[in-house]
Amino acid sequence: MCGIVGYVGNRQAQDVVMEGLRRLEYRGYDSAGIAVVSGGALHVRKKSGKLANLTALLGDEPLPEATSGMGHTRWATHGPPNDRNAHPHVSYVGKVAVVHNGIIENFAALRAGLEERGIEMGSDTDTEVVAHLVQDAFETVPADSASRLREAVRAVCNQLEGAFTLVICHADEPDTVIGARRNSPLVAGLGDGEYFLGSDVSAFIAHTREAIELGQDQICEINRDRGVTVVGFDGVEAQLSHYTIDWDDAAAEKGGYDWFMLKEIAEQPAVVADTLRGRLTESGQIVLDEVRLSDQDFRDVTKIFIIACGTSSYAGMIAKYAIEHWTRIPCEVELASEFRYRDPVLDRSTLVIAISQSGETMDTLMALRHAKAQHARILAICNTIGSTIPRESDAVLYTRAGVEIAVASTKAFLAQIVACYLIALHLASVRGTKWGDEVAVVVDQLRSMPEAVDRVLDTMEPVRELARAELADQSQVLFLGRHVGFPVALEGALKLKELAYMHAEGFAAGELKHGPIALISDGTPVIVVCPSPRGRDSLHGKVISNIQEVRARGAKTIVIAEEGDEEVTPFADHVIRVPSCPTLLAPLVTAVPLQVLACEVAAAKGLDVDQPRNLAKSVTVE
Ligand code: F6R
């Protein structure tokens, strides 16, 4: 949420900052702004709406040449998304500029203090107070201090409560940009004589793949001569923790697709294969050496909680079926935002699996911290190396989905399911609830999934047509599923809601008759995720009965069914075929047409598929 860029180097700061903002725009697009330092003064441009509006403004009002600067793309929290509330915010004498992601919880008291001194506020934001406070603090730091701006920012950070990433520059220090973080993401990039700050590495991936992880409550100074220095809020200098980004610039571009989402959907066969790579032996066993939990730790587990939000929570719901079936350990899936408020029962033998694409979702992070405080072991399943959730977990299994830029999650979802299954199979092996040869059978099935997903992608043209012809002008669409098909139905509905702004609901197919069936009238589209006829005997027949029930009430049925399942044909207005695969692995193929469908409906309605309204990727507020 909110994208932040900082730069000091030898290029035009405007070019570097705008390029970084373009790549971070998925994090928020209510407004955008840029500040550069040149000729002993700050120069700021900002505009409400998408980055394109700021680009147009820069065309009309160009910035001077400068080699340091910063920028921001906003997802509004305090104050409406207008020009006045756009970042950067500038201090009362115009020397300090600040961009911010997060919420400063004590801003009202700080603001009242500033107003009492006669300082007039130029915005409704919580951020602006920081600019004024840094301005004042700067004046109190001796001019010969090693880094005056860094010390001023540190003094201010110690007064702030809440979650924040800040990037700050000062007109009198053209060679320095300061970043600070508490419970909100920030990374630094190391180039050749140039240095970067970003909400994530895509801010600077076009220039360098060398990055530095920043911990909680740290301040990072990038300076033309001194390079990168990191100190804690307590002033103690920290060791730099370097890493190399393992994806490149091209991964962050659309590569010929109309939308990032389409590209990311198309990458799914490779993502499934990559998430399995190196984690399976020739003989079909699971190797998770990178997960820093011993076999004994896994044997000691008596209960599992999965905590996650949104799409990641649906991956968790799917995983629950596999975990309980393969390991016989009770597993509960909880929305991270609710978890800690109901006082869950946790102890040392509880394994908490925190699933997060971004690794920065505040609800999940807070749930994780709650579980940690109760002495549970935490295993993160995460897509973002070095992000906060894996850093605060006891162990991590990284999904290898690569950067996900479209706001709606697709490839990360499939990767999360695969990662959860690896954990479940590993648990089953070390606990002896599955024999080696049984694990090997599932491993073989998993190995065949990239090809199965690929086959689904090859047959999506009729799904696109269906989306345009039958769904784009509907006001509501219902989704039904049973067993693992139920979370897939929920995910299909979420995709349609968030992309096409349509009323879409997912239901457990058996639950429909207990109320929701009243929603069905003549022509209501109902999308049904049908299980394999070869799976659990009663499941397929039950879903067919559910299809008949809705059809009898006028629904138009679109059924996702396995190749060769002819039993569904008489009851389906449209059938979307997916390759046959074992029940527990079916979500890896049945979710794909639902992603394509939502994407196509949104495109047909002329909506921005990659950046749906009101949303942002990486939700760093609670
Ligand atoms: C929906 C979507 C969100 C995220 C949720 C959790 O398409 O992307 O529902 O799944 O915000 O995000 P992560 O996985 O980053 O914790």
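## Largest pocket

Helix H7 supplies three residues to the lining of the largest pocket, the largest share from any element; helices (H or I, at least four residues) and strands (E, at least two) are DSSP runs, numbered from the N terminus. The model is predicted, so local features need pLDDT of at least 70 and side-chain atom pairs count only at pLDDT 80 or more, while totals for chains, interfaces and linings use all residues. Residues are numbered from 1 along each chain as its sequence is written, and side-chain values use heavy atoms, with hydrogens and water left out.

The volume of the largest pocket is about 710 Å³. On a 1 Å grid over the protein atoms alone, a pocket is an open set of points with protein on both sides within 12 Å along at least five of seven lines, a cavity is a set of points where a 1.4 Å probe fits but cannot get out, and lining residues have an atom within 4 Å of a point. Grid points are joined across faces, edges and corners, and a volume is the space filled by probe spheres set on the points. The lining of the largest pocket comprises 40 residues, and the closest to its centre are Trp 247, Asn 383, Thr 384, Ile 385 and Val 403. Strand E14 and helix H7 (268-276) each contribute at least two lining residues. By class, this lining has 15 nonpolar, 13 polar and twelve charged residues; Ala, Val, Leu, Ile, Met, Phe, Trp, Tyr, Cys and Pro count as nonpolar, Asp, Glu, Lys and Arg as charged, and the others, Gly among them, as polar.

## Domain layout

Three domains are assigned: domain 1 (3-253), domain 2 (282-447) and domain 3 (455-604). Their bounds come from an automatic or database domain assignment. The centres of domain 1 and domain 3, taken over C-alpha atoms, are separated by 45 Å. Domain 1 and domain 2 each give at least three residues to the lining of the largest pocket.

## Second largest pocket

The second largest pocket has a volume of about 600 Å³. Its lining consists of 26 residues, with Cys 309, Gly 310, Thr 311, Ala 616 and Val 619 nearest its centre. Helix H9 (310-327), strand E17 (350-356), helix H11 (362-373) and helix H17 each supply at least two residues of this lining, and the largest share, four residues, comes from H9. The lining of the second largest pocket divides into eleven nonpolar, eleven polar and four charged residues.

## Cavities

The structure holds three cavities of 30 Å³ or more. About 100 Å³ of space lies in the largest cavity. Of its 14 lining residues, Val 484, Gly 485, Val 529, Pro 531 and Ala 586 are the closest to its centre. The elements that give two or more residues to this lining are helix H17 (485-500) and helix H19 (587-604). The lining of the largest cavity has eight nonpolar, five polar and one charged residues.

The lining of the second largest cavity divides into four nonpolar, eight polar and two charged residues.

## Antiparallel sheet

Eight strands form an open sheet with antiparallel pairing, in the order E3-E2-E4-E1-E10-E9-E11-E14; two strands pair if DSSP finds at least two bridges between them. Strand E3 (41-48) and strand E14 (241-244) are the edge strands, each pairing on one side only. Neighbouring strands of this sheet are turned by 20° against each other on average, direction ignored. Strand E2 (residues 31-38) and E3 run antiparallel and are joined by eight bridges. Ser 38 stands opposite Ala 41 in E3.

Two helices lie across strands of this region. Helix H1 (residues 13-24) lies across strand E1 (3-8), E2, strand E4 (68-74) and strand E10 (195-198), and runs at about 155° to E1. Helix H2 (residues 51-60) lies across E2 and E3, at about 135° to E3. Contact means heavy atoms within 4.5 Å; axes are lines fitted to C-alpha atoms, for helices over the stretch in contact, and angles run from 0 to 180 degrees between N-to-C directions.

## Parallel sheet

An open sheet of five strands, with parallel pairing, has the order E21-E20-E22-E23-E24. Strand E21 (503-508) and strand E24 (574-578) stand at its edges with a single partner strand each, so one side of each is left without a neighbour in the sheet. From one strand to the next, the twist averages 20°. Strand E23 (residues 556-562) runs parallel to E24 and is joined to E24 by five bridges. The bridge partner of Val 559 in E24 is Val 575.
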